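Student: Could we go through this structure together? I would like to learn how its terms are applied.

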Amino acid sequence: MGSILIVAEIQKGAIRDASYELVSFAHKIAGGREIKSLVLGSGVAGQAEALAKRGGGEVLVADSEALANYNVDGYAKAIRAAVDATSAELILMSNTPTGWDIAPRIAAGLDCGFVSDCFNIEEEDGKLVYYRRVFNGKLDARLIPKADQILATVQPGATTPFEESSDGSTTALDVTIGDDDLRAKFVESRTAGAKGVDLTKADIIIAGGRGLGAAEKFEEVIKPLAEILGGAMGASRPVVDAGWLDHAYQVGSSGQVVSPKLYIAAGISGAIQHLVGMKSANFIVAINKDPDAPIFEVAHVGVAGDLFEIVPALTAAIQEAKG
Amino acid sequence: MKILVCLKQVPHQDARLDVNADGTWITEDNIKFEINNYDTYALEEALRTKDAGEAEVVVVSIGPDRVTQALRTALGMGADRAVHVKDPEMDGSDVLGIAKALAAVAKEEAPDLILMGMMGDDGNFAAVGPMLAELHGVPHATAVVKCEKKNGGYEVERELEGGALQVYQLPTPCLLGVQTGINQVRYASLKGIMAAKKKPFAVKTAADLGLAGQVGAAGAKMSIEKVYVPPKGEGAEMIEGSAADVAQALVGKIRELGLL
């Protein structure tokens, strides 16, 4: 039996939670396969030790200055070497910016089966079955492999991080990676210019989505409600893409992740990337004309109706309640 | 220079989706199709490069007859030439099969730059771009939110979580998987749509591209066994009634939260 290889990621100097979630999945579905891990980067011996002591099994370490920043060619070389060294039949990565960038490339190079952004993996009748969402969260899909080697990426937050301590080991991976291997060159890190709008500190957020239809509608419909409640205005990604509001207002995985006391979502369907940004809000109200919109799964209270009637009516009712 | 833009035709983003009879996908009857939203941004990026200087923009798409419309739209927007991979043998391809077909087209075209959206709005796999880059043997970057011709190649910004970005310099030829919002997508002008009718339009089969046995359901290494409406959890407490009734009910909830 081939092994399960977990490709771990380091964030802010530590193995990130999403990687320990892969460890949880690996332990759930191991079925007798050995669990092995790969830690890559520069100066990562400590992180590799931590993973070895927390379910990572035999941890291979690719430690090179050329891996100090994420780089497609460097990471691909290290991961391929690890797959070969471990005879991996299942390779697990997280669907993070690194995962969605490199995992498909690795899979194509291996000519193996590939599935991304799984929210679950189950063993059913001796085979592994993969579950993920399609159509931006409107439908679920069940996938079955038709190959002996599979690379799967898993949605961060799909399960809980592995917590048990264990006896693992760390071994240097036999691979040399130098700057000459890297066709793309890392230039620098930057932040998208989020100036002055810190939604993470707002107690109340009124967010608008594509359903608003135009930039002016934010001024006309969303802003009055935000103001009367003393809250902040937010937006889903399509609003920012369309140029109706600045990126600073974006709530979601590539914007701000918020957990206010009250989150009102108007005209937002609830694609995964948006839900990641607001589903831990204390109380969520969703207004959308589509009763099947995925947002209603995370909302506490929902209104399947026309936001252009509901939101102004709510603004007026609050105005009156305040007297 | 030559830019190859890979487009996918997908159900319109507001189309009502019904699971088909055998539960394997959605039914295509009676729904409108459009170019995948992410791919429109890739096409726009290519057309801007063309506007700025000498560039031939070739668009390619895989699928049945209906895909012709998507390619004609792209030609109407300003692309120079279209390649339609049309063959029932492609049915049931997994993402790797799709990438192999596109790699065969890329090999024939030898573009300086390949652009495509980072994912499809239907499958959301976000896989074909990096796979194609590997098969075609070129460097790539995905989630690209900015791309600038610089130092003989491209300087790109790729999007990370929480508003963070990383900047890379890539040589050409390369492949870029583009994120939404990288630009503002143009509409096809009437003049453009009329001109599109005369633009070269090639149709290729799997055999033309040497893909025997590698594509379609037969070649797939991962198979979608079924799609289904997600089981509804408790979900939201739905409030009904007139706008005024709903507003009153919500005011009550907001009061209970101590926020009024």
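Tutor: Gladly! Let's begin with a term: a crossing is right-handed if the near helix is turned clockwise from the far one by less than a right angle, and left-handed if anticlockwise. In this predicted model, α3(A) passes α4(A) in a right-handed crossing.

Student: Which residues make that contact?

Tutor: From α3(A), they are V72(A), Y75(A), A76(A), I79(A), R80(A) and V83(A). From α4(A), they are D101(A), I102(A), R105(A), I106(A), G109(A) and L110(A). By class, that gives eight nonpolar, one polar and three charged residues.

Student: What makes β17 of chain A and β13(B) a pair?

Tutor: Two strands pair if there are at least two bridges between them. Strand β17 (residues 301–303) of chain A and β13(B) have two bridges, in the parallel sense, so they meet the cut-off. For G302(A), the bridge partner in β13(B) is M238(B).

Student: How many residues of the two chains are in contact?

Tutor: 69 residues of chain B are in contact with 75 residues of chain A. On chain B's side, the largest share, nine residues, comes from α7(B). By class, that side has 41 nonpolar, 15 polar and 13 charged residues.

Methods
Residues are numbered from 1 along each chain as its sequence is written. Chains are lettered from A and ligands numbered from 1 in the order in which they are written. This is a predicted model: local features need pLDDT of at least 70, side-chain atom pairs count only at pLDDT 80 or more; totals for chains, interfaces and linings use all residues. Helices (H or I, at least four residues) and strands (E, at least two) are DSSP runs, numbered from the N terminus. Two residues are in contact if their C-beta atoms, placed from the backbone, lie within 7 Å. Ala, Val, Leu, Ile, Met, Phe, Trp, Tyr, Cys and Pro count as nonpolar, Asp, Glu, Lys and Arg as charged, and the others, Gly among them, as polar.
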